[in-house]
Each structure stands twice: as structure tokens, then as C-alpha cells.
Amino acid sequence: MAVTIEASPAIENGAQVERILQSKIFRTSEVLRNLLAYLAEKAISGTADSLKEYTIGLDALGKPASFDPRQESVVRMHTARLRQKLSEYYRTEGVDDPVIVDLPKGGFKLTFEPRPQVVPPAPVAPPPSPVEISSRVWKPRELALAAGLVLALGCALFFMTRLWSVERAGGTASATASENWTPALRELWEPLLSSSRRLVVCVATPLFVKVPGFGFVRQPSLNDWDDVSQSKTLSSLETALSANISEPSYTYTEVGTATGAFLLGQFLAPRKQAVLITRANVLSWPELAEDNVVFLGPATGIHQTEDIPMGAQLVLDPTGIRNLSPRKGETSFIEDRPAQGGEEAGTSYALISRVPAMNGPGAILMLSGNQISSIMGGVKAFTSASTAQMLVSRLKYGSGSMPKYFQVVLKVKAMDDVPVEISYVLHRELPEPNGSSRISSKE
């Protein structure tokens, strides 16, 4: 006689935790891995109800015996970060996992719930006979939901009408796009638009932290939630405001990045059907591996670029661009000089990198800079016919061809953050995935 042995909930929950710990999202943070494993062990063993900040700090985060939760909010910060990462995991890699692990706010006890089964739709019932409309008073929540539904329907109707109008005017729009689609622009965009891959425009979302009763704060030198607890500046702010930093936020971006995303959307719409604009904090690794991606904004707001193997020779710093291998006549650091005092114009530098896609044919494009004007200058180089022609003429070899993958530094002079002059500074050719490369005849 066959005997079926069902796994106990503890075994299933433990297997789910191990699955999460091995995911790409958690693989890069040892602190969150340790915290998740510790809280899971306590929850599965039934001892999570007695967990305290002090115990977690000592046993999971390695704090000394002198650790005082009233003075340091490190446990609360990492707990909030863990909650965010779990949510991100179930939006991406864990979308089909059988067990959902959650960390409800207000405590340290993990919960384990089986994923709800999809219930097939019920048979359609015949239309009911007319009935008298009830005269009951709607509750505020019901009114809000109804208003939201009306708004959603209105937006849907607007976009459907707009799409119909664009399709009717397709001939004129296509003709205009064709006129502006110069050979130089085609050469710059060809690796990203010629493949069947979807194109994703990813905007930088730097780290902000929430201070209850005060608002959201950003310290430019901090871009990882794990480092917030070590910041003396933020600790001083907590003391001055008598408040504790509670959670990270990735909902803001710079004006230059937002404007650049809008311009790229306008430029790409007639030339590529599948274009998605998203934020860096929600871009998943499967999207990065399977799509062509345009990263837009300061490098400090886009962590994914740090793990792209491209052999970079030019690196964006918070105040300029580092030249890792200066050639004769070049400097090792190219410093931004934004307008100060009563100056009308300032100078910043855009760094453009076109590198191989993570998986298969295609490319990744990075349009980065530290100032509004430098980000806008990078966008203009890839959307303006005249600026694109200048850029391509500098990149081309003596034979007339140009490198497939490269990095370019552009000098951007601006007035009131608006680029008024864009000029070439230097570039580097990057090797192709098979290791082949060519040295420009200009160098």
C-alpha cells in the first residue's frame, strides 16, 4: 500500500526562507540575509513573540552588549528594509512561490501564508429584473472607491481616444519621424532598436529616508539603506528633531532626469513599439537580463549599473568624472563647475556609456551626469540630429565605421540649467563580449 507523507508547515516554511535567501535580491546584502534567517528561525520555532530590539541587535546584527535601542535605530531601519525587500522579491522572483513570507509593521514576527489559489470565475447569471434603486447613504470609503473607479475609467477613455487619434495621424507622424531620423542618430540607436527586445528607460531614484513629523531627507553620500545607521549626520538630525528615521524611500528623482525621460519618450515613441519607462528601484534583474535598457540620471541613483561587466575606463563621481587611465594631455579627474554666486553660466560633464546587453544581442545605454544640464546634454546627444552628428564624427574610425561599445565625455555649458553649448572632450572604446576591440585612428 502506497503511503503519502505530507511535508509539515515548518519544513515548507523553512524551504521558502531558504529560497528567498538564495535569490538575487537578497544575495547582495549579508545584513538582511542574517536578519531574515534569524527572524525566520524564531518564527518557525514559535519563540518570535518574545523578540526585542536589543536581542535582535545582539544576535542578528552583531551589536555589542552596550547596544541601546533608544539611542540607535539600526534594528528598526534594517527591519523596514527587510520588509521592503520581501515585497520586492514577491513582485519579481517569487511571484509564483507557494508560501508568502511577510513582516507586518509594528513587530518582528514573520508570518507564513500559503499563496491564495486562483478561483475560476463563476458562471454568468442571467440579467436580473429591474429593481428599485436603494436610497441608502454611501459611506466615505465607498464614495472614495467609486470616485477612483470613475477616474480610472476616465483615464482609460482618454488614452483610448488619444491612441485612436495618433493612429489616424500615423502617416504624418511617421513622415516627421523619418525626416528627423538621420544616419548619425541611426548609428547611435541601432543596437538598441534593431532587435526584437523590449526597450526599458530606467530613471535614477536616489535614496531618501523618512523622518516622521518632518518629511523626507537625502544625504548625497548615502545610497544604501544598510549604511544609514552609520551616518553621524542623520544621527544628529534624529537627536535634534527627537525622531527616528523609520524607512527608506525611492520615490523621487532629479528634474533633469524626469525631463530627460520625457524627451526620450517623445523621441522613441514613433521608432519603437515596446518602450517602458520605470524607476531604478523597481527594475528587476530579469528585465535587465532580457531587455535593452537606457539608464538615465546620476549613477548614485542606479545601483544596477555597478554590476554590469563593461570594463569601464571612465567613472562618474559626485563632483565630476574620473579618468582611470589618462592618456597624454588628459587629466585624471574632470571636475564639474556649476554656476555659483552671480555667475550666469556653469559647466558640467555628461558621461555616455553604450555597453553590451547582459544576455544575448542588444545593448545597454547609460546617460549620466551630476547636474540637470549634464543629464540633459547626454539626452540631447542621442536625440538631436546636429549633436548626434558631432558625436558620431568623433567616434568614427578613419575607415568610416564606429565602435559598437564606448564611453564618451561631453562638456556641457549651461545657463539656468539649460544646455547652451555641448562639445566633445574624450572617449574610450570598450571591448565586445568576445574580447575583440579596435583602436581608433584618432588616438
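User: Buried means under 20% relative accessible area. In this predicted model, what percentage of the 443 residues of the protein chain count as buried?
Analyst: The protein chain is built with 14 helices and 15 strands. Among its contacts with a separation of 6 or more, 62% are accounted for by residues 24 or more positions apart. Of the 443 residues, the share that count as buried is 41%.

User: Is Q16 buried or exposed?
Analyst: Q16 lies in helix 1, which covers residues 9-21. Leaving out residues up to four places away in sequence, Q16 touches Y89, Y90, D97, P98, V99 and V101. Its relative accessibility is 0%, and because buried means under 20%, Q16 counts as buried.

User: With which side chain does Q16 form a polar contact?
Analyst: The residues that Q16 touches include Y89, Y90 and D97. A polar contact joins the side chain of Q16 to one of these residues at 3.3 Å. The partner is Y90.

User: What is the handedness of the crossing of helix 11 and helix 13, left-handed or right-handed?
Analyst: The two axes cross at roughly 15°. Where helix 11 passes helix 13, the crossing is right-handed.

User: How many charged residues does the contact of helix 11 with helix 13 contain?
Analyst: From helix 11, residues V255, G256, T257, T259, G260, L263 and L264 meet I372, I375, M376 and V379 of helix 13. The residues of this contact divide into seven nonpolar and four polar. The number of charged residues is none.

User: Which residue caps the N-terminal end of helix 10?
Analyst: Helix 10 spans residues 232-241. At its N-terminal end, a side-chain oxygen of the capping residue lies 3.4 Å from the backbone nitrogen of T233. The capping residue is S231.

User: Where is D416 found, and is D416 buried or exposed?
Analyst: Phi of D416 is near 55°, a positive value in a residue other than glycine. D416 is found in the loop between strand 14 and strand 15 (418-429). Its relative accessible area is 73%, and because exposed means over 50%, D416 is exposed.

User: How far apart in space are S401 and E187, C-alpha to C-alpha?
Analyst: S401 is found in the loop between helix 14 (385-395) and strand 14 (406-415). In sequence, S401 and E187 are 214 residues apart. In space, their C-alpha to C-alpha distance is 9.6 Å.

User: With which side chain does the side chain of S401 make a polar contact?
Analyst: S401 has a relative accessible area of 30% and is partly exposed. Its side chain makes a polar contact of 3.2 Å with another side chain. That partner is S399.

Definitions and conventions. Residues are numbered from 1 along each chain as its sequence is written. This is a predicted model: local features need pLDDT of at least 70, side-chain atom pairs count only at pLDDT 80 or more; totals for chains, interfaces and linings use all residues. Side-chain values use heavy atoms; hydrogens and water are left out. Axes are lines fitted to C-alpha atoms, for helices over the stretch in contact, and angles run from 0 to 180 degrees between N-to-C directions. Helices (H or I, at least four residues) and strands (E, at least two) are DSSP runs, numbered from the N terminus. A crossing is left-handed if the near helix is turned anticlockwise from the far one by less than a right angle, and right-handed if clockwise. Contact means heavy atoms within 4.5 Å. Ala, Val, Leu, Ile, Met, Phe, Trp, Tyr, Cys and Pro count as nonpolar, Asp, Glu, Lys and Arg as charged, and the others, Gly among them, as polar. Buried means under 20% relative accessible area, exposed over 50%, partly exposed in between (1.4 Å probe, protein chains only). A polar contact is a pair of N or O atoms within 3.5 Å; within protein, one must be able to donate a hydrogen and the other to accept it, and residues adjacent in sequence count only if both atoms are side-chain atoms.
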